[in-house]
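Reader: I would like a close look at one part of this model. Please keep it brisk and give the cut-offs as you go.

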Amino acid sequence: MREGAVTLPVHPLQRIPGVAIMLGLLVVVFGAFAPGFLSVANVSNVLVQSTILMLLALPMTLIIMTEGLDLSMGAVLTLTSLAVAIVSLATGSMLAGLAAAVMVGVAFGTINGWLVSVIGIPPFVATLGTLGMAQGLSLIVSDGQSVVGIPHSVRDIYSATLLGIPVPVVVALITYLAFDSLLYRTRFGTYIFALGGNREALIYAGKSPTKLLIAVYAIGGLMAGIAGLLMTARMNSGHPTAGLGLEFDAIAAVAVGGTSFERGNGWLPGTALGVMAVGVLRNGINLMALPSSVQVASVGALVIFALFFDGLRSRS
Amino acid sequence: MSTAVQIGDVAHGTRNGAPLLELRGISKEFPGVKALDDVSFSIWPGEVHMLLGENGAGKSSLMKVLCGAYRADSGDFYYRGEKVAIRSTADAQKLGIAVIFQEFSLVPYLDIAQNIFLGREPAGRVPYTIDRRKILGDAKRILASIGFDIDPSVTVQKLGVAHRQMVEIAKAISQHARILVMDEPTAALSDRESELLFALIARLKADGVAIIYISHRIPEVFALGDRITVLRDGRRIGEVRPDLTSPDELVRMMVGRTVDMSYPQNFVKTPGKIVLEVKGLSTATGVSDIDLCVRQNEIVGLCGLVGSGRTEVARAIFGADRKTAGEIIFDGKPITGGPDHAARLGLALIPESRQTEGLALLRSVGDNLVVASLRKLFPSGLFWANRARRVGEDLVQQLRIATPSTKQAVGLLSGGNQQKVVIGKWLATGARLFIFDEPTRGIDVGGKSEIFTLMDRLVVEGAAALMISSEQTEICLVCDRAYVMREGRIAGHLSRAELTEENILKLAMHDA
């Protein structure tokens, strides 16, 4: 009984992921219509501006692969960004600020994971609750004001370069490689596929879905903490609405990147391309001097168009 | 005829030494049901032991006791002659018992190798990583050992059912399983795929693996089995060898369940005109060339084993699944549209899972009773609470639904009364043909006879009914005649006089 793998013949064009085509189209359109879009300075700008989103979208991919969601990411990032500002202002140390941000982020991530896995609250509701808590705490600790006068050591992170590459881009690259290794090369990554794909199989293999889920959400919090440092550095201040709506962009990037919300079907390279697509879209609309409200609407339209496009392709 | 069917009991003395696994006097009771009653069972290495029985005979319970999912109330386990305990799935795994479930335990977006070694990944040089080369090599070797030539880095999502089953078996083998339990493994396979599985089973046998195989398909039982154990009502009826028995004898051993149900039969019905006529119906869901008709004033049974296509026929008649060929004529008019159209014409489908498909459990009895007939009751589009209440109260009285009031939430009623609410809901629409899919599932004996009485009254008053049931005894009790299905086709028709459990099973399992 010799039986080869059952693979249907695929047209070469169909091998190109939808998100890559989408990104290519956006680059072509904005290259033609948005003034200065293809300049070196602007390309660098898009890359640097996409780093925070990259830091959020990568763990969001893992969370969505477990058939979960983290709506609190933007609000938690606001809080960690404020933590960086307040602590570095008080201590004069960038590292102390980062440590505080990471602690706050991991704490929120762990609470999210605990609510979802131990208490059994649906992820949408659980993280909506922590979104409100993080947003409220942000207003309390900042008294509704921007936190200004933070040390140069924080601000410099955003403008510094390493071997000619902006530091935020280096951070994003390292983060991507770390997530890629985590998902595709470690046991933990294998179990993430099983969390969304077949939780029973995991239990049968003697692994605790509870612990794994908490870890996945905690990683989301950790990344929100690190992203908080970049955010504060970028704005040179802590602002009580700094991360507003970022969870929307992160979920959009994951969805555009081809990760489905069911059965543990996730694709990390797609998320990276999705982040770039969202970044290019926002940047291009900005260059065309359209109002920022158009950006939000267009990101929404991008998600719907991407999924529609994928559906069309998979049917044909 | 239910006594003394210990035909052809095989003496164990023909084997050398102790069996690989032996169960002695296993009993398991659930509230109200004795699922297993003093069952003994043994298996030797390199043997395929067939487990045969009707629905509810205790096959699944025995399997769950074996793999540690259930704990037996009493009885002992012996592994190679030594007494052991199976109290958890871990205990069973340690003894090398693996179950190939029908719902697969595979992760769709991991590859074959990752699935085989899930939870037991070989460690790579860097901490926490997986030794990719080793996992692929080991998987390749295990797959080769069962004769499955496939690249282990293929994602399971891309595999068909048969290949997934092979991966599942490879997974069991990799866990050093010596006893494989297969629950109707060919149920979802094509003939060619089944051939692959049978070849694999022969190979496993040669390697000394013991296989416990649950099946309804008589040809399989004879082709593969070294021994056959028949269960009925949770008891072991007998153990036979395929070369010393016949299909008819197996059927006789399976039937003869005791029925403790009083039901005022009313067979003095004169069938009226044909209400439903199905001609040459085929669907993409696996039924082909179905011919049947239902007349006014009669209850027609549609029986066969689980998976023989009964529900699919009902769904196609109701327009829930598209037909690929044939026609469905209701009251002289063809049904062409979907469920909406069928319901408007006067068809009612009372689904098997009434809790999820037939009722809004949190809403009141009254709401549930009028929900299907809102358009008829309130043509203006405005909801008049008084009229709804009156209709609800009438139906409660007419159907004798035991509820404190029409305001009671349906979920709080007993199974039998919930079923009456579903029937009442369709009665309010003026339905004239009722299709009952397993109408007594999960309903106690008292509730059952009430449901039957109600069905009887419906047809005496001019309706027609098509009843799907896995309970052969109930078909014999209630139906005026019955169609028997096997593998998506009508295998035969039984008139009232021919309607016995034995005749149904003969048609359902093999060519009579």
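Which residues of helix 15 of chain B are buried?

Author: This is a predicted model, in which local features need pLDDT of at least 70, side-chain atom pairs count only at pLDDT 80 or more, and totals for chains, interfaces and linings use all residues. Residues are numbered from 1 along each chain as its sequence is written, while chains are lettered from A and ligands numbered from 1 in the order in which they are written.

The buried residues of helix 15 of chain B are B:Gly416, B:Asn417, B:Gln418, B:Gln419, B:Lys420, B:Val421, B:Val422, B:Ile423, B:Gly424, B:Lys425, B:Trp426 and B:Leu427. Buried means 20 or more other C-beta atoms within 10 Å of the residue's own; exposed means 12 or fewer, and partly exposed lies in between, with C-beta atoms placed from the backbone. Helices (H or I, at least four residues) and strands (E, at least two) are DSSP runs, numbered from the N terminus.

Helix 15 of chain B covers residues 415-427. Because 12 of its 13 residues are buried, helix 15 of chain B is largely enclosed by the rest of the structure. Its length also checks out. At 1.5 Å a residue, the 13 residues should span 18 Å, and the end C-alpha atoms are 18 Å apart, which agrees. The expected span is 1.5 Å times one less than the number of residues.

Now compare another helix of chain B. Helix 9 of chain B, residues 310-317, is mostly covered, with eight of its eight residues buried. Among them are B:Arg310, B:Glu312 and B:Arg315, along with B:Val313 and B:Ile317. B:Gly319 follows helix 9 of chain B and has a positive phi, near 85 degrees.

Positive phi also turns up in residues other than glycine. One is B:Glu184, with phi near 40 degrees. B:Glu184 sits in the loop between strand 7 (179-183) and helix 6 (191-206) of chain B. B:Glu184 has 18 other C-beta atoms within 10 Å, so this residue is partly exposed.

Another is B:Asp289, with phi near 55 degrees. Its loop runs between strand 11 (274-283) and strand 12 (290-295) of chain B. B:Asp289 counts as partly exposed because it has 13 C-beta neighbours inside 10 Å.

Last, the partner chain. In chain B, 25 residues are in contact with 25 residues of chain A, contact meaning C-beta atoms, placed from the backbone, within 7 Å. Helix 9 of chain A gives the most to chain A's side, with six residues.

Definitions and conventions: Contact = placed C-beta atoms within 7 Å.
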